[in-house]
Amino acid sequence: MDLLRAQVFQNAACNWRCWYCYVPYTLLAANEQHSAWLGPNDLIDLYLNEPLRPAVIDLSGGQPDLVPEWVPWMMRELCERKLENDVYLWSDDNLSNDYFWRFVSSDDHELIASYRNYGKVCCFKGFDAESFAFNTCAEPRLFERQFDLMARYVEIGLDVYGYVTFTTPVSAGIRAGICRFVDSLQNIHANLPLRTIPLEIQLFSPVKARMEGRHHQAMHNQQAAIAAWQEELDVRFTESERTRNIADVPLGEGTGATQ
Ligand code: SF4
């Protein structure tokens, strides 16, 4: 098994409350009893104090993009410490807001897009509006907005990846729903499904107390959805495309596979 060590820093806040979140809700509430105010210089100091420093720093959460300046600030701090070639910076995003566009300058957009050792992963919550709302407790109409946000990241040339969770309370119509989900990814870029990884929801300790019958059903239904996803990718991509290293799947203009 490949093993990748990473230093994870968490923004102790999230605007969603996914039932399967393995972070206790108390750590998602920006509660100062469970968190501290730290700047990029503090974080890099902590990182440098580690005796066995991993080569990856992950800006995670919660939802890191509630603080969208975090990424360019970390990039500048890494450059000032001459660590930009030694550390790979990775950040997560739950595709819930457009703060990156509203509160980050165009200069910082360019910095992020041109920074060599940076990748971003965006997590789609569910494969249709119903599973999205069930998973996040957010408004169903926000399901579609995930694709708009992802499209903008692809457009500016970020090295972007996707996660998706397939838990759904409804067992009917899964194959058709997955087909539409893959269509929506390919409307952004034909290769985007090859950069998207389904995450299997498992039962971690903080989740157990939240579980009701419909959640157990959703965990069961995700297996049918994952099988449908595999079938859909088999139909749309060749074996050699599917086995390509995910980091080598091109997302630039004119690199999309034809359907
Ligand atoms: S978006 Fe992520 S951090 Fe927020 S509640 Fe859902 S799983 Fe947890």
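Tutor: Before we look at this predicted model, recall that a crossing of two helices is right-handed if the near helix is turned clockwise from the far one by less than a right angle, and left-handed if it is turned anticlockwise.

Student: Which hand does the crossing of helix 1 and helix 2 have?

Tutor: The crossing of helix 1 and helix 2 is right-handed, so by that definition the near helix is turned clockwise from the far one.

Student: What makes the contact between helix 1 and helix 2?

Tutor: Helix 1 contributes Pro40, Asn41, Leu43 and Ile44, while Trp70, Trp73, Met74, Glu77 and Leu78 come from helix 2. These contact residues divide into 7 nonpolar, 1 polar and 1 charged; Glu is among the residue types that count as charged.

Student: How do you know which strands are the edge strands of the sheet?

Tutor: The open sheet has 6 strands in the order 1-2-3-4-5-6, with parallel pairing. Strand 1 (7-10) and strand 6 each pair on one side only, and these are the edge strands. From one strand to the next the twist averages 20 degrees.

Student: How do you know that strand 1 and strand 2 pair?

Tutor: Pairing requires at least two bridges, and 4 bridges join strand 1 to strand 2 (residues 56-60), the two running parallel. Valine 8, for instance, stands opposite aspartate 58 in strand 2. Helix 1 packs on the sheet there, touching strand 1 and strand 2, and its direction makes about 150 degrees with that of strand 1.

Student: What pairs with strand 5, and over how many bridges?

Tutor: Strand 4 (residues 118-125) is joined to strand 5 by 6 bridges and runs parallel to it, with valine 160 of strand 5 as the bridge partner of lysine 120. Strand 6 (residues 196-198) pairs with strand 5 in the parallel sense over 3 bridges, and glycine 162 stands opposite threonine 196 in strand 6.

Student: Why is strand 5 called mostly covered?

Tutor: Buried means under 20% relative accessible area, and 5 of the 6 residues of strand 5 (residues 160-165) are buried, so the strand is described as mostly covered.

Definitions and conventions: Residues are numbered from 1 along each chain as its sequence is written. This is a predicted model: local features need pLDDT of at least 70, side-chain atom pairs count only at pLDDT 80 or more; totals for chains, interfaces and linings use all residues. Side-chain values use heavy atoms; hydrogens and water are left out. Contact means heavy atoms within 4.5 Å. Buried means under 20% relative accessible area, exposed over 50%, partly exposed in between (1.4 Å probe, protein chains only). Axes are lines fitted to C-alpha atoms, for helices over the stretch in contact, and angles run from 0 to 180 degrees between N-to-C directions.
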